[in-house]
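Dear colleague,

Please find below the structure that I am handing over to you.

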Amino acid sequence: MNSGKECRPEIKDALHEGVVIPAHPLALNRSRQLDEQRQRALTRYYMAAGAGGIAVAVHTTQFEIREHHLLEPVLRLAAEEVEHAGLNRPFIKVAGICGPDDQALREAELAAGLGYDLGLLSVNGLQELSEEKLIQRAEKVAEIIPVFGFYLQPSVGGRYLSFDFWKAFADIPGVMAIKIAPFNRYQTLDVVRAVCHAKRCEEIALYTGNDDNIVADLLTTYRFRVNGKWTEKKIAGGLLGHWAIWTKKAVELFEEIKSIRDNRQPIPPRLLELAVQITDCNAAFFDSANRFAGCIAGIHEVLRRQGLLEGRWCLNPDEVLSPGQLEEIDRVYREYPHLNDDAFIARHKEQWLSPRSRNNGSGA
């Protein structure tokens with residue numbers, strides 16, 4: 001077995017402490033071409049909102065960027081903005097990695113060369129590969145870049161993966177974190193329990209990608225009996241498409257949750273009420289009523305309203321809002337005004353959209 005790449009110590013510490021990592025959208029103009037100015041503005045927004053990292057070239061960025069020769073430009077723009085910002089805190093750069101072995105290795109080399117800290121390794125489109133083959137693929141990628149595992153929900157291209165798979169995956173040297181996003185309680189527990197049973201349990205940071213259950217995932221301490229002893233594991237942070245919007249408020253809520261969880265304080269009922277409200281918002285943004293068909297367009301619609309995107313165009317012209325989705329977004333905007341960060345964006349968007357903007361990530 002290979003030795004695997006390791007994250008820099010400050011990145012590893014931040015991963016385990018827990019941070020907000022938005023899944024970065026793709027900014028397009030009316031011709032469905034990359035809008036570099038707005039793409040850079042989005043990265044500046046996430047830094048200024050207090051996010052602890054970004055995930056680029058992932059599902060929210062649109063897997064089709066690979067077919068349109070946009071993978072390198074999109075990864076490079078985000079990396080440049082983070083470097084130019086000169087943040088005085090760790091900021092985790094995660095690059096999406098897809099495809100069969102040859103493609104995954106090429107994308108890992110590209111991401112590592114651009115200074116990304118981890119590769120989020122997707123199994124999208126690999127239904128024919130056995131779990132053993134997926135483990136071998138992950139081992140190869142981990143020789144090039146530290147790996148962020150990814151349990152993707154089946155409705156957007158994922159597949160069921162067993163307890164044994166996740167236990168073996170967690171024991172791969174170079175695997176540093178796992179994003180749990182099956183949108184399923186049973187499968188979420190499979191991952192956490194498998195990591196607790198793995199030899200490298202302490203080396204793995206768990207992140208929620210369950211956009212339908214964000215608050216509860218983050219508040220919960222998971223306990224399992226392993227070799228006669230109780231082992232505890234928390235879901236340290238989140239890597240979420242939902243956090244691509246209203247990010248400033250997400251960061252504020254996450255810091256409150258982290259303080260309560262880490263200090264083992266009683267959970268205020270208000271947080272459980274917020275959990276339901278956030279899930280209701282996610283149903284509108286992600287278009288759960290139509291099996292998530294409009295999830296990317298829904299994110300774009302919010303960013304369009306806020307002025308960060310010009311429109312909600314996707315690379316695939318058929319990827320649009322579903323019937324009734326716009327009305328649902330109107331409804332959650334109206335019912336939960338305390339969850340949006342429109343005022344924050346309004347104060348700073350001209351700065352972020354400026355070609356010469358050098359945001360320091362403070363949001364001040």
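In this predicted model, helix α6 (163–170) packs against helix α7 (residues 185–197) at an angle of about 45°, and their axes lie 8 Å apart. That makes α6 oblique to α7, since angles under 35 degrees count as roughly parallel, over 145 as roughly antiparallel, 65 to 115 as roughly perpendicular and the rest as oblique. Axes here are lines fitted to C-alpha atoms, for helices over the stretch in contact, and angles run from 0 to 180 degrees between N-to-C directions. Helices (H or I, at least four residues) and strands (E, at least two) are DSSP runs, numbered from the N terminus.

The crossing of α6 and α7 is right-handed; a crossing is left-handed if the near helix is turned anticlockwise from the far one by less than a right angle, and right-handed if clockwise. On the α6 side the contact (heavy atoms within 4.5 Å) involves Phe163, Trp166, Lys167 and Ala170, which meet Asp190, Val191, Arg193, Ala194, Val195 and His197 of α7. By class, the contact of α6 with α7 has six nonpolar, one polar and three charged residues. For these classes, Ala, Val, Leu, Ile, Met, Phe, Trp, Tyr, Cys and Pro count as nonpolar, Asp, Glu, Lys and Arg as charged, and the others, Gly among them, as polar.

Residues are numbered from 1 along each chain as its sequence is written. Local features need pLDDT of at least 70 and side-chain atom pairs count only at pLDDT 80 or more, while totals for chains, interfaces and linings use all residues; side-chain values use heavy atoms, with hydrogens and water left out.

Two further helix pairs

Helix α2 (residues 36–48) and helix α3 (residues 71–85) pack at about 50°, with 9 Å between their axes. That makes α2 oblique to α3, and the crossing of α2 and α3 is right-handed. From α2 the contact takes Glu36, Gln39, Arg40, Thr43, Arg44 and Met47, and from α3 it takes Val74, Leu77, Ala78, Glu80, Glu81, Val82 and Ala85. Six nonpolar, two polar and five charged residues make up the contact of α2 with α3.

Helix α10 (residues 269–286) and helix α12 (residues 325–335) pack at an angle of about 155°, with their axes 8 Å apart. That makes α10 roughly antiparallel to α12, and the crossing of α10 and α12 is left-handed. Asp280, Cys281, Ala284, Phe285 and Phe286 of α10 meet Gln325, Glu328, Ile329, Arg331, Val332 and Glu335 of α12. The residues of the contact of α10 with α12 comprise six nonpolar, one polar and four charged.

On a 1 Å grid over the protein atoms alone, a cavity is a set of points where a 1.4 Å probe fits but cannot get out, and a pocket is an open set with protein on both sides within 12 Å along at least five of seven lines; lining residues have an atom within 4 Å of a point. Grid points are joined across faces, edges and corners, and a volume is the space filled by probe spheres set on the points.

The structure holds two cavities of 30 Å³ or more. The largest cavity has a volume of about 200 Å³. It is lined by 20 residues, with His59, Thr60, Lys179, Asp211 and Phe286 the closest to its centre. Helix α11 gives the most to this lining, with three residues. The lining of the largest cavity has 13 nonpolar, five polar and two charged residues.

The second largest cavity has a volume of about 50 Å³. Among the residues that line the second largest cavity are Leu121, Phe150, Phe165 and Trp166. By class, that lining has eight nonpolar residues, one polar and one charged.

The largest pocket holds about 260 Å³ of space. Of the 13 residues that line the largest pocket, His16, Glu202, Glu232, Lys233 and Lys234 lie nearest its centre. The largest share of this lining, four residues, comes from strand β9. Four nonpolar, two polar and seven charged residues form the lining of the largest pocket.

Yours sincerely
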